[in-house]
Amino acid sequence: MTFFFHYFILNHLSRKISRRSKRRGRRSVRPLSQTTKEPSAAASCTTILDLPGPILIDILSRLPFKSILVSRCICTTWRMLVSDPLFASMHRSRAPALELLLHPKSVSCASTTLHWVDLDCIFKTAPPVDRNERRKTRLNSKFYLPLPGCNIEKKCLNVNTSSSRSSFMDCYGIVNSCNGLLCLSEPIYNNPHIICNPVTGEHISIPRSEEDDMFCGPVISGFGYCRRSNKYKVLRLVCQPENMYQTMAEVYTVGTASWRSIGCEPFDLGLSLFTTYLNGVVHWVSDTANSPAVIVAFNFEEEQFSLISLPPHFGETHKEKENLHYMNMGVLGGCLSVCDATFWDHFDIWVMKEYGDPTSWTKEHVICAHSGCLHRPIKFLENGDILMIYNKAELVAYSPVEGYFRYLKIDGVLAVFEAITHVPSFVPLADAVGGDHLNVHTIKASCSEGESSEGTETLFLVEQGKPRSASKSTSFWAVDDGE
């Protein structure tokens, strides 16, 4: 597939140059196919573009995500092929790979940009050997988030009293990703506000209710998909002024006109740490003071809450509530996972092998590291390494076989970063969510390698060479307050 893609690009560009030269009355540039031998007249008129549309779409749908991004910038024909509903359907049916997006997040930087990380390009390359060697990789591909009141291209503010306050008001959060869609929440109270597809640039607004401005305290929210009903839903847990000590649960079915109440939330979530979505269920770790640490789950299909036990050792004395910020929860290899960094000299990665069965918690990895290191596992790479984000400022690839870390510092914007695992989707938003009350808007979706990506928010991954013998004794910097 990659061969066809590169041939397609070179052939298209050579024909474009040839036509341009002929229009100017100059000597035409020979196409790449004619550099070795002179083809027949019939062959010179035949290109891959002469294939039937469905066959071309089938070829494009098999390409890596990076190649698809580039193909949209080549010509109008390619953009139309990638925008065809048949392409979206074929691409989705092939179970596209889990991609990594980085989102700058800081009081001093209100970012509308998601940066796509080409993991294959970076981690399939051997690390630098010399300590003084620095390898710098630019993240060219960007996607823009539809944040109200923000310049779509980017919005980075200087650090001072007035701008920091303005930026803080614009810091929309990402609730979670689901089937290629993102749910964004408003600043301050985290009320879910927008659902968007960063790849296509389409977005819809979640309707507000009369009580939205009367909530007491922050909103806890989640976004998910119901397989049986083929519907997307948004959950929010809110406290009303008339009863500040009782949390009400409300659900919005995307495509309908309003929120509806489903009663009281039966468990006290507290600050609801580490929002994690997996297979139609959203999860949080409860940090309430009067009960043991536990995972609270909400099933979008059944619209019911449940409890899931953490690994058994979390009931021990050293697992006090203040230590919960030194752990995190996520999804690894399609399983619910917990990373426990409350120890002095190592951190553990636990995986729930059978979802919902607390006896299936398995300690998959014990990774030696100094105290204070907060690593968040993100995904398994093709070679078996574990990709993590460290201190919200570096990407880390850890080899369980060699016990070796590779650190790539995120450079270019003075901010910490969210790492979002996201399955890209080219399905039009209206087709994906359905419903009778949709008003879909579109922004410029992306800026990839075929376009100019200059601007105030350009990210680089910087890797410095380090002797392999010194990798196991790496010293760590101070960390922040957790995810």
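Tutor: Helices (H or I, at least four residues) and strands (E, at least two) are DSSP runs numbered from the N terminus, and two strands count as paired if DSSP finds at least two bridges between them. The model is predicted, with pLDDT of at least 70 required for local features and 80 or more for side-chain atom pairs, whereas totals for chains, interfaces and linings use all residues. Residues are numbered from 1 along each chain as its sequence is written, and side-chain values rest on heavy atoms, with hydrogens and water left out.

β23 spans residues 394–399 and is mostly covered, with six of its six residues buried; buried means under 20% relative accessible area, exposed over 50%, and partly exposed in between (1.4 Å probe, protein chains only). In a regular strand, side chains alternate between the two faces of the sheet. In β23, Glu-394, Val-396 and Tyr-398 point one way, while Leu-395, Ala-397 and Ser-399 point the other way, and all are buried.

β23 runs antiparallel to β24 (residues 404–411), and six bridges join them. Leu-395 has Leu-408 as its bridge partner in β24. β23 is also joined to β22 (residues 386–390) by five bridges, again in the antiparallel sense, and here Ala-397 of β23 is the bridge partner of Leu-387. Three residues lie between the strands in the hairpin of β22 and β23, where Asn-391 adopts a positive phi near 60°.

β22 in turn leads back to β21, with five bridges joining these antiparallel strands. Phe-380 stands opposite Ile-386 of β22. The hairpin of β21 and β22 has five residues between the strands, and Gly-384 in its turn takes a positive phi of about 95°. Because five of the six residues of β21 (residues 375–380) are buried, this strand is largely enclosed by the rest of the structure.

Turning to the nonpolar cores, a core here is a set of buried Ala, Val, Leu, Ile, Met, Phe, Trp, Tyr and Cys residues joined through side-chain atoms within 4.5 Å. The largest one has 60 residues, of which Phe-223, Val-234, Leu-235 and Val-254 touch the most other members. This core lies between domain 1 (52–96) and domain 2 (172–308 + 419–446), because both give residues to it; the domain bounds come from an automatic or database domain assignment. A second, separate core has 21 residues, including Leu-139, Ile-389, Phe-417 and Leu-459. Contact means heavy atoms within 4.5 Å, and, apart from neighbours within four places in sequence, Val-254 contacts Ile-195, Ile-204, Phe-223, Tyr-232, Lys-233, Val-234, Val-433 and Gly-434.

Helix α6 covers residues 85–93, and among its residues Phe-87, Ala-88, Met-90 and His-91 are buried. An α-helix has 3.6 residues a turn, so residues three or four places apart point the same way. The buried residues of α6 pack against α3 (53–61), α4 (65–71) and α5 (76–83). At the start of α6, the backbone nitrogen of Leu-86 lies within 2.7 Å of a side-chain oxygen of Asp-84. Just after the helix, Ala-95 has a positive phi of about 50°.

β26 is joined to β8 (residues 202–205) by two bridges, and the two strands run antiparallel; Glu-202 stands opposite Thr-442 of β26. In β6 (residues 181–185) lies Ser-185, which is buried at a relative accessible area of 5%. Leaving out residues up to four places away in sequence, Ser-185 touches Tyr-172, Gly-173, Val-175, Asn-190, Asn-191, Pro-192 and His-193.

The other open sheet has four strands in the order β13-β14-β15-β16, with antiparallel pairing. β13 (273–278) and β16 (304–308) are at its edges with a single partner strand each, so one side of each is left without a neighbour in the sheet. Within it, β14 (residues 281–286) and β15 (residues 294–299) pair in the antiparallel sense over six bridges, and Trp-284 has Val-296 of β15 as its bridge partner.

Note on methods
A polar contact is a pair of N or O atoms within 3.5 Å; within protein, one must be able to donate a hydrogen and the other to accept it, and residues adjacent in sequence count only if both atoms are side-chain atoms.
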